[in-house]
Amino acid sequence: MRGTFRPGAQLTEADIALKLGVSRGPLREAMQRLVQEGLLRSERNRGIFVVSLNPEDVEDIYLSRLVIEQAAVRRIFSNRRKHAGSSAIANMQPALDAMRTAAERGDNAGLTVADQQFHQALVQASASARLQRMANTLLAETRMCMTALEDRYELPQSSVDEHGEILDALRSGELDTTLKSIESHMQTAIRLLVPPDASTH
């Protein structure tokens with residue numbers, strides 16, 4: 001996620017086990033899990049490699065996140081989850097504050113971490129284990145996108161403002177406004193990270 005292993009890099013089981021100080025059995029299981037989640041790819045007779053995300057992948061990640069986060073918001077706003085909104089706000093506000101501080105310092109890495117905490121808090125408030133599981137995998141891919149394409153992620157203050165709009169919409173209790181603010185945020189990310197001529201839409 002942090003770019004220690006670059007896109008396309010081959011992962012050598014023995015070397016990583018030695019660096020982490022773990023046995024190869026659990027490491028092999030972990031790597032296979034990451035293959036299943038799409039964060040690594042396995043090539044027969046060649047080994048395991050870090051995935052390389054092309055522009056279509058980046059767009060797909062954000063559109064998938066849009067579906068999941070909007071589903072989470074609908075659950076938060078449903079009658080049976082009537083207390084979830086306040087829970088989401090309570091956990092999202094510190095993440096937004098951390099984003100603002102990171103942006104003021106020009107700390108892009110800190111901004112990315114806080115950005116992910118913000119979205120994790122949103123989905124977590126839905127109390128859906130499946131939405132959280134899918135969101136976590138997509139957020140890992142998002143982090144990989146931002147690391148690989150960090151030269152295109154150049155608008156920290158506007159990113160803070162967009163997250164503030166999402167939180168304000170959630171706080172207002174207006175479902176449609178909240179859904180639209182999330183969609184606008186995801187579409188902005190796609191425009192920022194995906195070259196216009198590479199978009200599939």
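The lining of the largest pocket divides into 16 nonpolar, five polar and three charged residues; Ala, Val, Leu, Ile, Met, Phe, Trp, Tyr, Cys and Pro count as nonpolar, Asp, Glu, Lys and Arg as charged, and the others, Gly among them, as polar. The model is predicted: local features need pLDDT of at least 70 and side-chain atom pairs pLDDT 80 or more, while totals for chains, interfaces and linings use all residues. Residues are numbered from 1 along each chain, and side-chain values use heavy atoms, without hydrogens and water.

**Largest pocket**
- The pocket holds about 580 Å³ of space, a volume being the space filled by probe spheres set on the grid points.
- A pocket is an open set of points on a 1 Å grid where a 1.4 Å probe fits, with protein on both sides within 12 Å along at least five of seven lines; lining residues have an atom within 4 Å of a point.
- Of its 24 lining residues, Met 1, Phe 5, Leu 11, Leu 34 and Leu 40 lie nearest the centre.
- Helix α6 gives the most to this lining, with six residues; helices are DSSP runs (H or I, at least four residues) numbered from the N terminus.

**Nonpolar cores**
- The largest nonpolar core has 39 residues, and Leu 122 and Ile 182 are among those with the most contacts inside it.
- Such a core joins buried Ala, Val, Leu, Ile, Met, Phe, Trp, Tyr and Cys residues through side-chain atoms within 4.5 Å, where buried means under 20% relative accessible area (1.4 Å probe, protein chains only).
- A second, separate core of 12 residues includes Ile 16 and Val 50.

**Helix α8**
- Among the buried residues of α8 are Leu 179, Ile 182 and Leu 193.

How values were computed. Helix = DSSP H or I, 4+ residues; strand = E, 2+ residues; numbered from the N terminus. Buried < 20%, exposed > 50% of the residue type's maximum accessible area, 1.4 Å probe, protein only.
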